[in-house]
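Visitor: Please show me the structure, and then I will ask about a few of its parts.

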Amino acid sequence: MISPSKPYLIAPSILSADFAKLGEEVERVLASGADVIHFDVMDNHYVPNLTFGSMICKALRDYGIEAPIDVHLMVSPVDSMIEQFLEAGASIITFHPEASSHIDRSLQLIKDGDAECGLVLNPATPLHYLDYVMDKVDQILLMSVNPGYGGQSFIEGTLEKVRQVRQRIITSGRDIRLEVDGGIKASNIRAIAEAGADMFVAGSAIFNQEDYKSAIDAMRAELALANGE
Ligand SMILES: O=C(CO)[C@H](O)[C@H](O)COP(=O)(O)O
């Protein structure tokens with residue numbers, strides 16, 4: 001479902017888009033070179049902020065958006081939201097393990113709905129949550145800020161965590177994407193890629209710029225360096 005031919009994927013977070021013209025914003029960022037649309041769902045319970053639900057995801061599909069939609073659930077509980085987002089056309093659904101009573105069941109629910117599944121770990125969430133799911137997840141999302149708001153600064157300690165998770169992925173022998181989210185911009189994306197990430201969420205660094213293409217091109221240039229090009 002997600003392009004396996006690209007070494008690195010850029011996933012703009014619509015959290016920083018202009019909600020009053022969301023369809024156009026998503027079209028524009030895709031035309032500027034984005035690979036995936038990152039969709040931040042906040043419930044004012046698991047995180048101290050409120051964004052949007054599955055109706056907006058469905059509205060984007062109805063508007064004609066065909067690109068992969070990567071839904072990051074910052075909600076508790078998770079299972080009812082998973083069902084709604086599967087109906088709405090989500091391509092990938094990730095959730096925070098401490099927000100699910102039955103992690104394996106929630107992952108299976110996503111897989112049964114023909115979407116890709118993954119767990120999200122906050123900056124201080126331990127890696128042991130991955131211990132018994134490496135055979136199941138398609139993606140692991142490491143938060144490099146505490147979730148809830150866009151425009152925060154990248155927490156440097158995440159780089160070591162990225163290295164550790166990349167090692168776990170290598171040991172698993174599986175092709176699991178390693179996504180990082182929070183405070184990513186052209187000036188730090190290379191270091192994050194060199195630590196082992198292959199998917200990058202950026203909200204304010206793209207949507208707060210006049211020219212989305214220049215912002216994405218600047219990130220791609222840094223990623224090319226990380227890839228030895
Ligand atoms: O999940 C998020 C916050 O919970 C956002 O995706 C993330 O913070 C991206 O925004 P920015 O690139 O502006 O840091």
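The questions and answers below go through some strands, loops and annotated sites.

Visitor: What kind of model is this, and from which number does the residue count start?

Guide: This is a predicted model, in which local features need pLDDT of at least 70, side-chain atom pairs count only at pLDDT 80 or more, and totals for chains, interfaces and linings use all residues. Along each chain as its sequence is written, residues are numbered from 1.

Visitor: What is the largest C-alpha distance among the residues His38, Asp40, His72 and Asp181?

Guide: An unreviewed UniProt entry annotates His38, Asp40, His72 and Asp181 as "binding site". Such positions are given in the numbering used here, feature names are shortened, and annotations may be inferred rather than shown by experiment.

Visitor: Is aspartate 40 buried or exposed?

Guide: Aspartate 40 is part of strand β2, residues 37–42; helices (H or I, at least four residues) and strands (E, at least two) are DSSP runs, numbered from the N terminus. A residue is buried if 20 or more other C-beta atoms lie within 10 Å of its own, exposed if 12 or fewer, and partly exposed in between, with C-beta atoms placed from the backbone. Because aspartate 40 has 24 C-beta neighbours inside 10 Å, it counts as buried.

Visitor: Which residues of β2 point the other way from Ile37, Phe39 and Val41?

Guide: In a regular strand, side chains alternate between the two faces of the sheet. Six of the six residues of β2 are buried, so this strand is largely enclosed by the rest of the structure. Ile37, Phe39 and Val41 point one way, and the other way point His38, Asp40 and Met42.

Visitor: Which residue in β3 does aspartate 40 stand opposite?

Guide: β2 and β3 pair in the parallel sense over six bridges, where pairing needs at least two bridges found by DSSP. Strand β3 covers residues 69–74. The residue there that stands opposite aspartate 40 is histidine 72.

Visitor: How many other C-beta atoms lie within 10 Å of histidine 72?

Guide: Leaving aside neighbours within four places in sequence, histidine 72 is in contact with residues including His38, Asp40 and Leu141; contact means that the C-beta atoms, placed from the backbone, lie within 7 Å. Histidine 72 is buried, and its count of other C-beta atoms within 10 Å is 26.

Visitor: How many residues of the shell around the ligand are charged?

Guide: The ligand is surrounded by 22 residues, the closest being Ser13, Pro147, Gly150, Gly203 and Ser204; a residue is near if its C-beta atom, placed from the backbone, lies within 6 Å. Ala, Val, Leu, Ile, Met, Phe, Trp, Tyr, Cys and Pro count as nonpolar, Asp, Glu, Lys and Arg as charged, and the others, Gly among them, as polar. The shell holds eight nonpolar residues and 12 polar ones, and the charged residues number two.

Visitor: Is glycine 150 buried or exposed?

Guide: Glycine 150 lies in the loop between β6 (139–143) and α5 (158–172). Not counting residues up to four places away in sequence, glycine 150 touches Ser13, Leu15, Ser16, Gly203 and Ser204. With 22 C-beta neighbours inside 10 Å, glycine 150 is buried.

Visitor: What does glycine 151 count as, with 13 C-beta neighbours inside 10 Å?

Guide: Glycine 151 is placed in the loop between β6 and α5. Given its 13 C-beta neighbours inside 10 Å, glycine 151 counts as partly exposed.

Conventions: Contact = placed C-beta atoms within 7 Å.
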